[in-house]
Amino acid sequence: MTYDVVVREVGPWDGLQLVKQVVPTEIKAEWISQQASLGFSNIEVTSFVPPKLLPQFGDAAEVVRRANSTSDLVASALVLNMKGAQLAMEAGARKICFVLSASEMHNQSNVRCSTDQSVEMFQKIKAWQGEHYPETFVAAAIATSFGCSLQGDVSQYRVTELAALLAELGAREIVLADTVGYGNPRQVYNVFKDIGREITNVPLAAHFHDTRGMGLANVAAALEADIRIFDAALGGLGGCPFAPGATGNIATEDTVYMLEAMGMHTHIDVNGLLELRKNLELWLPEETLHGTLANAKPAINFIRNSA
Ligand code: ZN
C-alpha cells in the first residue's frame, strides 16, 4: 500500500531553540525559502516566546512576514500562551500551534502553570482567534505524550483525554510529541491507535525526537497506526532543555528517505535536502548535525527508482 505522507520541517523553531548562536533573520528566511522550494508545504518557522527567555526568536514577526512571501507555504508559529498567540496572529501567521504538556511537571517547568490551566488558556486563545482572525488555522501539540524526563511515565489515558479536549475546543490538528525521546514503537502504535479511535474528525500528527535512537522506528510504528503527518528537523537539529544530552529531532532527510524507500509519496526532493543540509552546516558552524543519510548517501536502487 502506498500513500501520501506529509513531512513538516520544524528546524527553524524546534531545531534552533537550543542553538546559542542567534541566527540572522536573513539566514532563517533563506533556509525557509530553500526548503519550501524542495516540496515542503508546511514549515514551523518560529515561536512567539519572550525574547528575554529565547533571544533566538526575537525576530519572530519578521520571520513570519518573510515566510508568508513564499507562495504555497503554510508557515506556522508555535505559541505557549495568549500573548504569544496574539502576537503571532498580528504578525500574520496563517497557522499557529499551541503547545502544552501531558506531564504536569513538564508543563510547570515550561510554562509555570498546570496542564488544566493551559487547556483553559487554549480555550481563551480559540475565542480570541475566532473573533479577530477566524481564518487562522489553530493546531495543538501535546508535549511529553510518551513519557517525561522529569516525571517519568505519562498516563496514556491523560494524553487521550487532553487530545479529546483540545479537539472539542476547536484544534484543527493534534500533534503528539515525544519531546524527550522516551517513546518506543509498540507504545507509539498503541497510543496513536487508541487516540485515533477516540478522535476521528481531527487529523493527528507525530513529532519524534531521536534521543534514544528510536525516532524512525517510531515513525514506522505511527504509519502503521494510520498517522500521515510527521515533524522533523533538517540535520536532526534540536533538543529539549529538560532532556540533557538529547540528539534532537528526527532528521528530515532520513525521514523523507525512509518514507520514499517504503514507497510513500512525500513529494520532497531528497537530494535537494542533502544539498540544503550542507548550507545548514555553513550557517551553523558550531552545531553538530545528526542523521545518517548525509554520510551514507541514498542506495543505488533508490536513485534508479526515483529517477
Ligand atoms: Zn520537539
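Ala60 lies in helix 3, which covers residues 60-68. The structure shown here is a predicted model. In this model Ala60 has a relative accessibility of 3% and therefore counts as buried, since the cut-off for buried is under 20%. Leaving aside neighbours within four places in sequence, Ala60 is in contact with Thr46, Ser47 and Phe48. The C-alpha atoms of Ala60 and Ala88 are separated by 8.0 Å, and these two residues are 28 residues apart along the chain.

Another helix gives a second example. Ile300 has its place in helix 13, residues 300-306. Ile300 counts as exposed, because its relative accessibility is 57% and exposed means over 50%. From Ile300 to Gly152 there are 148 residues in sequence and 43 Å in space, C-alpha to C-alpha.

**The protein as a whole**

The secondary structure comes to 13 helices and 8 strands. Taken along the principal axes, the C-alpha atoms fill a box of roughly 50 × 40 × 35 Å. A compact globule of 307 residues would have a radius of gyration near 19 Å, and the protein has 18 Å, so the two values agree. Of the 307 residues, 55% count as buried. Among contacts with a separation of 6 or more, 72% are between residues 24 or more positions apart.

The protein exposes about 13100 Å², and carbon and sulfur atoms supply 52% of this area. There are 23 positive and 34 negative side chains. The centres of these two sets lie 1 Å apart.

**Aromatic pairs**

A pair of aromatic rings is described by the distance of the centres and the angle of the planes. The count for this protein comes to 6 aromatic pairs. One of them joins Trp128 and Tyr133, with ring centres 5.7 Å apart and planes at 35°, so the pair is tilted. Trp128 is buried, with a relative accessible area of 16%, whereas Tyr133 counts as partly exposed at 29%.

Phe146 and Phe192 form an aromatic pair that is also tilted, with 6.0 Å from centre to centre and 45° between the planes. Which parts of the chain does this pair link? Phe146 is in the loop between strand 5 (137-143) and helix 7 (156-168), while Phe192 is in helix 8, residues 185-198. The two residues are 46 residues apart, and the pair links distant parts of the chain. Phe146 is buried, with a relative accessible area of 3%. Phe192 is buried as well, at 0% relative accessibility. Ring pairs link Phe146, Phe192 and Phe208 into a cluster.

Most residues other than glycine have a negative phi. Asp72 has a positive value, near 65°, and Asp226 has a positive value near 75°. Where in the chain is Asp72 found? Asp72 is in the loop between helix 3 and strand 3 (74-79). Asp226 is found in the loop between helix 9 (215-224) and strand 8 (229-232). The table sets out phi and accessibility for these residues.

| Residue | Phi | Relative accessibility | Class |
|---|---|---|---|
| Asp72 | near 65° | 73% | exposed |
| Asp226 | near 75° | 48% | partly exposed |

Asp72 counts as exposed because its 73% is over 50%.

How values were computed: Residues numbered from 1 in each chain as written. Predicted model: local features only at pLDDT ≥ 70, side-chain atom pairs only at ≥ 80, totals over all residues. Heavy atoms only, no water. Helix = DSSP H or I, 4+ residues; strand = E, 2+ residues; numbered from the N terminus. Rg over C-alpha atoms; globule rule 2.2 N^0.38 Å. Buried < 20%, exposed > 50% of the residue type's maximum accessible area, 1.4 Å probe, protein only. Contact = heavy atoms within 4.5 Å. Areas by Shrake-Rupley, 256 points an atom, 1.4 Å probe, with all protein chains shown as cover. Lys, Arg positive; Asp, Glu negative; His and termini not counted. Charge placed at Lys NZ, Arg CZ, Asp CG, Glu CD. Phe/Tyr/Trp six-rings, centres within 6.5 Å; stacked < 30°, edge-to-face > 60°.
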